[in-house]
There are 2 protein chains.
Amino acid sequence: MNQTAAQGARALLPRWVVPVVPEGRVLEDHAVVVDGERIAAVVPVAELEAGHPGIERLELPDRVLIPGLVNMHAHSAMALLRGLADDLPLMRWLHENIWPAEKIIMGPDYVRAGTRLAIAEMLRAGTTCFNDNYFFPDVAAEVAVASGMRSVMGMPVIGFPTPWAETEDEYFRRGLEFHRQFVDQPLIGTSFVPHAPYSVGDGAFARIAQLAGELDIPVHLHLLEAPGEVESSRAEHGLHPLDRLDALGLLGPRLLAVHMTQIDAGDIPRLARAGVHVIHCPDSNMKLASGICPVADLDAAGVNVCIGTDGAASNNDLSLLAEMRQTALLAKVSSGNPEAVPAARALSMATIHGARALGMEDEIGSIAPGKQADLATIRLDRIETQPVFDVISQIVYAVPDSQVTDVWVAGRRVVESRELTTLDEAEVLESCREWQQRISTAIGDDPGGT
Amino acid sequence: MNQTAAQGARALLPRWVVPVVPEGRVLEDHAVVVDGERIAAVVPVAELEAGHPGIERLELPDRVLIPGLVNMHAHSAMALLRGLADDLPLMRWLHENIWPAEKIIMGPDYVRAGTRLAIAEMLRAGTTCFNDNYFFPDVAAEVAVASGMRSVMGMPVIGFPTPWAETEDEYFRRGLEFHRQFVDQPLIGTSFVPHAPYSVGDGAFARIAQLAGELDIPVHLHLLEAPGEVESSRAEHGLHPLDRLDALGLLGPRLLAVHMTQIDAGDIPRLARAGVHVIHCPDSNMKLASGICPVADLDAAGVNVCIGTDGAASNNDLSLLAEMRQTALLAKVSSGNPEAVPAARALSMATIHGARALGMEDEIGSIAPGKQADLATIRLDRIETQPVFDVISQIVYAVPDSQVTDVWVAGRRVVESRELTTLDEAEVLESCREWQQRISTAIGDDPGGT
């Protein structure tokens, strides 16, 4: 384990650079100069020596350099529940499997171990920033800082008692305490994470709308995920969920609306006008048969669409490369248009669109001078990714996570030739084995699956 | 490169064995005894010594042993066209990109290099048998035999001249010559591969129906892949493609019908009655926006559904693990039923269902005494696949190809700790680089993709 912090100036020399902005651009024979935690320059290799005499060079042959991926919807600690209950509908999965298991194991120790497992997986897959939605964000934030990973951690609000908080007031009190504790941490942002319209009351939503404005932070919400949510909202509140959120002051550019499979054509212009960001989680939506978010139409209407993996319990991996591919594929087949969400657009959704939704567009999400050096390199010289006719197509449609070789967050090399430098892999695996035992015992399950 | 042939008796001792038949079964503490090219026994480890004293043991800790995967629809050589033209509709993709490129490069050298690249990728991903559909099957078969991989190679028939054959008669003559040349090769099967109803005439189809019966081989056909095929068949032949094939004597258990996205509920009982096998290629169908094959309904009606990757030019990988996952996910979201195609069923589709369609159910597709030792081991001890609550869920929903460690075909270890033993990886890559150059020059493309 090598605790390399951000270093002085050095030049990365990959075969290709995909800066993401402008969309579709592929640079060859360019160097990316990193100084401390930031990108200092992107220059033709021929001009490197003149502008940066004697600079340290890191050759990255046959590799493409991309901005680190931004995972816009994670429940990190749930990595420990990967594969616990599959092939089930959302409400049975939640009520009969996930929530009972969480009830038994929820606490700082579980969140610490689970978040560490998730971060190890995400970093090795080229993700440099994640937007988390879970309990004990203070514990998760400590793990993320220690791992050198960037994250936005949510303050949970849900309409029933959990080990994190008993009452509505306690949810807000503990959340705001967490916010104050981490607000100055450079790698950590905060958000509100009310669970969903069906599990959070009007009073709590109104309070969130006010506080999010005061603190200038996003509201990260499961919204219109599965069939029945419109009907139950009308029955309980007399309103469509979008009308209810609008009335409560939440339908605006702070809102990160996750899933959105239950919207129709009429909702799209309204979402565009309001500046709502949509977070698409195609693997999870497909696996739980929740429905299909009309990503191509949202994108065409100017809605900022980003991509998230959801938790490993409903995916069952935390790969944004896979989720990008799925975004493109599902958009094409569901719209009947093979030109919908082309590869370069999918890559934008997994990088700069996420940065924009988090209010961090000037800091991350593309490779440009002045931005944070959140970067990933992918090798394309393996059998699985040869030949290379189009670098961006290759990244989106063919590259497996295992070909991500090196990752930097704020200039710090957190993955080096596929090895984690800030986390001890053996320790992560050992703790994972212990938790598997503990969870299996708690729920009376047999790991063999028989 | 280690040209290990099938050895004498030895016992494989993985942590888990998933025999596939019976569906859903997971064995722990079992050994699989392999003798020569066949599986001799599956026994509890405690009984191994008594039944097989002193047998050579291969410990496979933290690994699951599965039957080798059966890729039911490949255009292997097209691996060299991976990423050449993406985000395009089927007919533009075929007519403006793939066919013009093929016209320039088609020949034995291209097929040799491309098939070798595809086999390298497929073996490393746990695929031990592929059902191929391309030109120069004699060349592809030579490569497959030399690589120690099992395959069924098709005799192409298409209604226009290609470098393989000029006239209908020549297609049949060359095809049957190939059949005679390879009929006694234990690793090679043969089939007819008429391209599609819209590109093959009645006379050729009738001849295929007769010859396939005489030779007792399958007919592997692109069928109802994309919108418009029903209408154009009615316009040209006055018949729905299924009626036309029925009239020509092809709608029966020899038919391997690939894609089938344009069928409706009324077609399903008819396909079941006829014993047609359906080959589902979800990644390709999604990427080309061809449509969605109603796999859950076909399966429920008793149709034998198998899985194929299609060619790398429309996928863009040859991973059956990914295709299994996609089969399960797409079936769930398109049927609105999260219980559709559960993990164990997806695994059956990628193994024993394929074997059944090829008429090889007694030889391959599951782990059972007397069957061919076509096997793959997958390590589950990495961060990306921990914890393990359900082994089969893990294989289908979480395992990346890079965790396939060892592969045997007919008892011969063709992949050993991720290294190919029958192919020289450096040579495959070198030849791939040459072909990329040749193809780029031919079509005037710039590899940078800019």
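**How chain A meets chain B**

Between chain A and chain B there are 21 residue pairs in polar contact, both residues of each pair being at pLDDT 80 or more; such a contact is a pair of N or O atoms within 3.5 Å, where within protein one must be able to donate a hydrogen and the other to accept it, and residues adjacent in sequence count only if both atoms are side-chain atoms. The model is a predicted one, in which local features need pLDDT of at least 70 and side-chain atom pairs count only at pLDDT 80 or more, while totals for chains, interfaces and linings use all residues. Residues are numbered from 1 along each chain as its sequence is written, chains are lettered from A in the order in which they are written, and side-chain values use heavy atoms, with hydrogens and water left out.

Eight salt bridges are also counted between the two chains (a side-chain nitrogen of Lys or Arg within 4 Å of a carboxyl oxygen of Asp or Glu). One of them joins B:Glu425 to A:Arg382, with the closest N and O atoms 3.0 Å apart.

How many residues take part? Contact (heavy atoms within 4.5 Å) involves 74 residues of chain A and 74 residues of chain B. The area buried between the chains is about 5700 Å², and carbon and sulfur atoms give 56% of this; buried area is the accessible area (1.4 Å probe) that two parts lose on being put together, summed over both. A:Asp87, A:Ile383 and A:Phe389 supply 15% of what chain A buries against chain B, more than any other three residues.
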